[in-house]
Amino acid sequence: MNIVRCDSAEQAVRHAAELLRAQVARSPKSVMGWATGGTMARLYQELVTLQQQDPLDWSGVRSFHLDEYIGLAADHPQSYRHFLRHQLMAPLGLQEAHAHWLRGDAPDLEQAGRAYESALAQAGGIDLQLLGIGHNGHIGFNEPGARLDTRTRVVRLSPRTLAANQRFFAPGEVQPQWAITLGIQTILESQQIVLLALGEDKARAVAAMAEEPPSELCPASALQAHPATTLVLDAAAAALLTCKNTERSALPAQLPP
Ligand code: GLP
């Protein structure tokens with residue numbers, strides 16, 4: 001894992017945004033795996049700001065996304081499809097024709113999961129998967145206990161995740177208890193992974209992910225085995241890491257004598 005520690009949340013968000021832009025500048029038809037949540041809302045806002053300052057052509061990008069609630073229609077304000085269409089795709093000019101969606105309202109969810117995996121395989125896999133992290137170490141909606149060999153499937157959300165995400169639902173609004181998510185194995189097959197974590201409430205999960213022995217109790221710790229994962233952290237999220245290097249990078253191909 002490369003770990004990029006930034007002094008502030010603003011710097012971390014900017015750094016992650018620049019990694020995404022560099023990927024698209026390098027390879028305009030990249031297959032991107034998008035994430036959602038409060039952290040991603042900040043990141044997408046930053047991408048929109050950078051886009052206004054220095055336009056980049058996103059129209060060739062192929063989009064997949066990480067997870068979706070079961071039972072919400074695509075136009076429900078809390079569906080992740082709605083979130084991504086409004087906060088990311090429309091403002092940056094990503095094309096709907098190049099987007100693949102997890103249909104949490106599909107009549108046959110198992111079939112929807114299989115269709116999604118085959119669309120992903122047909123696209124050649126994910127070039128860059130963006131991730132956040134849950135307080136319990138979840139990635140996507142792979143909750144503690146998720147096995148390493150999991151693929152896209154229906155999962156039940158943990159009480160901790162339900163409590164954390166309740167803030168997005170209006171009082172009295174029904175909050176889905178189930179979701180469909182890319183699996184750990186599917187995520188690990190991505191060429192490159194960028195995980196953004198901000199704030200002290202993520203510090204425990206970040207330390208478990210990066211510095212404790214990999215365990216199904218912290219699904220994000222599976223990323224330790226991935227050869228090209230970059231964690232972008234603000235100081236608060238990095239506070240419990242014992243390795244205090246400002247950046248821990250792969251060794252150069254040729255070491256100096
Ligand atoms: C949700 C999403 C995750 C996201 C996590 C963190 O549960 N399914 O993909 O990483 O929340 O979200 P936040 O940034 O709001 O803390």
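Predicted model: local features only at pLDDT ≥ 70, side-chain atom pairs only at ≥ 80, totals over all residues.
Start with the pocket itself. The largest pocket holds about 460 Å³ of space. Its lining is made up of 29 residues. Gly-37, Gly-38, Thr-39, Ile-133 and Lys-202 lie nearest the centre of the pocket. Two elements, helix H2 (38–53) and helix H5 (159–165), each give two or more residues to this lining. By class, the lining residues divide into 10 nonpolar, 13 polar and six charged.

Now move in to the ligand. A shell of 15 residues surrounds the ligand. The closest are Gly-38, Thr-39, Asp-67, Arg-167 and Lys-202. Gly-38, Thr-39 and Lys-202 are also among the residues nearest the pocket centre. In the shell around the ligand, four residues are nonpolar, eight are polar and three are charged.

Which atoms of the protein pair with the ligand? Asp-67 places a polar side-chain atom 2.7 Å from a ligand nitrogen. Gly-140 uses its backbone instead: an N or O atom there lies 3.3 Å from a nitrogen atom of the ligand. Lys-202 turns to oxygen, with a polar side-chain atom 2.7 Å from an oxygen atom of the ligand.

How much of the ligand's accessible area does the protein cover? On its own, the ligand has 390 Å² of accessible area, and the protein covers 95% of it.

Methods. Residues numbered from 1 in each chain as written. Heavy atoms only, no water. Near = heavy atom within 4 Å. Polar contact = N/O pair within 3.5 Å; in protein donor to acceptor, adjacent residues only side chain to side chain. Areas by Shrake-Rupley, 256 points an atom, 1.4 Å probe, with all protein chains shown as cover. Nonpolar A, V, L, I, M, F, W, Y, C, P; charged D, E, K, R; others polar. 1 Å grid on protein atoms, 1.4 Å probe; cavity = no way out; pocket = protein on both sides within 12 Å on 5 of 7 lines; lining within 4 Å. Points joined across faces, edges and corners; volume = space filled by probe spheres on them. Helix = DSSP H or I, 4+ residues; strand = E, 2+ residues; numbered from the N terminus.
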